[in-house]
Amino acid sequence: MTDVDVAVVGAGIAGLTAAYRLAETGREVRVFEAADVVGGRMTTLREDGYLIDTCAEQLAERGYRETWKLLAELGIGRQAVPRIGRGIAMWRGGPRSGVAELRGLLTGAGLPVRARMDSALAMRGEFDLACPETSWLGNRTVSEYADHYHPDLLTYLLEPVVSGFFGWNPERSTAAPLLALLTSVGPPRTWRAYNDGMDTFARALASHVDVSTGFRVEQIVDDGSSVRIIGATRDISANTVVLAVPAPIAAGLHPRHGSEFLAACSFTPVVKAHLLLDRPLGGPDYAVVVPIAENGVVATIIFDHLKNPGRAPDGRGLVTLMAHPAVVPDLMTASDEEVSARLLDAAEPLVPGLRAATRRAIVRRVQYASPEATRRALALRASFEAGLGRGAVDYAGDWVFLSPCSEAAVRSGVRAAGRLAGGRPR
């Protein structure tokens, strides 16, 4: 006799989606989450009237089919997720507007004419977010892909984008998942952000399923008849388990799975400083990506109060500074004071007056922020997914598709639920 039919480990978007869809089929589902809140990398911190999105910053209105389908079912209309309506700038001696927009071909967006033409050529072809390995790019890294074009395409577009949004190293991460994502989401001005924080989706899903927060899982043991979830305080038995946590954590929880893909599926860490300001700064763009050639410490500046006016109290501002991957290893172990001081010093020339306007800095470190699409992981991805559903332990997460976006997490949760809907597979 088991304690629960299906146990989902991880209350991020992938796990909550899997639980929600499984519950619809009549399965008894319980979600176990180590943190005290749901959302995973889509959590929102509420401090002094500020809404601070701790990892995920926006979602697209294009290419997010499963996300919008679920939102509609949950009664979350597009009015609750308004368009940001602003673009992204590239820093090249100053902010250059038009990144990832057609108008950037005219205005430059930091690129000379030849590089602008190459950027249009570079996006050609068919790309599949769910099967990135099938594209014509093969296993070329971002850097190798860029070698065929003007050098500024890498320096002033691809490197800043992958470093500034995903924490990727362009020499390690492959181009196919990147292009699949970029070509599916549309221009930044059409991207959206939830009025009540990026955790809105997760909180809505969690209200429909049984979630136990503060439950840390230490090991998963499949004895052939049931699965034991060994927790820090107590054990639970289940017929099936969905591990909806980052791949490195999943590999540690269930090492006997022995998956080569799980072993190869690395994640990049991210360090951010969220600055609570006494006045709004910035504009007209809501974000600025900063090439390593121009700074080397700050990779992205997000003006959260421009992303959505509800992110800061009236008359105040909220700015997020994302550290460049080159300095993240040092900042992961530095004190909060050292992190905020280093990022503020680097950002002050980019946003004059930022230091004087800062009332308080909140530092966030995310060890497993984005799945890193290395050559090895890309080569093993399809066979890993094809083998799912044959045992009592299944998996969900954006890393299943090597795509660092919430739509990939949602799709993986839907597919996991589909595989398990009929009962315990054996």
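User: How far is the sulfur of cysteine 131 from the closest cysteine sulfur?
Analyst: In this predicted model, the closest cysteine sulfur belongs to cysteine 405 and lies 14 Å from that of cysteine 131, which is too far for a bond. A disulfide requires the two sulfur atoms to be within 2.5 Å.

User: How many disulfides does a search of the whole structure find?
Analyst: The search finds zero disulfides.

User: Is cysteine 265 buried or exposed?
Analyst: Cysteine 265 counts as buried because its relative accessibility is 1%, and the cut-off for buried is under 20%.

User: What about cysteine 131, how does it count?
Analyst: Cysteine 131 counts as partly exposed, since its relative accessibility is 23%.

User: What separates the C-alpha atoms of cysteine 131 and proline 177?
Analyst: A distance of 8.4 Å separates the two C-alpha atoms, although the residues are 46 apart along the chain.

User: Where is the place of proline 177?
Analyst: Proline 177 belongs to helix α7, which covers residues 175-182. With a relative accessible area of 2%, proline 177 is buried.

User: Changing topic: where does aspartate 48 lie?
Analyst: Aspartate 48 is in the loop that connects β3 (44-47) with β4 (50-53). Its relative accessible area is 52%, so aspartate 48 is exposed.

User: How far apart are aspartate 48 and leucine 276 in space?
Analyst: They are 9.2 Å apart, C-alpha to C-alpha, while 228 residues apart in sequence.

User: On to the sheets. In what order do the seven strands of the open sheet come?
Analyst: The order is β6-β5-β12-β13-β14-β11-β15, and the pairing is mixed. At the edges are β6 (95-97) and β15 (358-371), each of which pairs on one side only. From one strand to the next, the twist averages 25°.

User: How many bridges join β13 to β14?
Analyst: Five bridges join β13 (residues 298-303) and β14 (residues 317-323), and the two strands run antiparallel. Within this pair, isoleucine 302 stands opposite threonine 320 of β14.

User: What happens to side chains along a regular strand?
Analyst: In a regular strand, they alternate between the two faces of the sheet.

User: How do β8 and β9 run?
Analyst: Strand β8 (residues 217-222) and strand β9 (residues 227-231) run antiparallel, joined by five bridges. Valine 221 is placed opposite arginine 228, a residue of β9.

User: Which residue in that hairpin takes a positive phi?
Analyst: Glycine 224 does, with a phi near 100°; the hairpin of β8 and β9 has four residues between the strands.

User: Now the second largest pocket: what volume does it have?
Analyst: Its volume is about 290 Å³.

User: Which residues lie nearest its centre?
Analyst: His257, Gly387, Gly391, Val393 and Tyr395 lie nearest the centre of the second largest pocket, out of the 18 residues that line it.

User: Which elements give two or more residues to that lining?
Analyst: Those elements are α10 (260-264), α15 (375-386) and β16 (393-395). Helix α15 provides the largest share of the lining, three residues.

User: How do the lining residues divide by type?
Analyst: The lining of the second largest pocket consists of seven nonpolar, seven polar and four charged residues.

Note on methods:
Residues numbered from 1 in each chain as written. Predicted model: local features only at pLDDT ≥ 70, side-chain atom pairs only at ≥ 80, totals over all residues. Heavy atoms only, no water. Pairing = 2+ DSSP bridges. Buried < 20%, exposed > 50% of the residue type's maximum accessible area, 1.4 Å probe, protein only. 1 Å grid on protein atoms, 1.4 Å probe; cavity = no way out; pocket = protein on both sides within 12 Å on 5 of 7 lines; lining within 4 Å. Points joined across faces, edges and corners; volume = space filled by probe spheres on them. Nonpolar A, V, L, I, M, F, W, Y, C, P; charged D, E, K, R; others polar. Axes fitted to C-alpha atoms, helices over the stretch in contact; angles between N-to-C directions.
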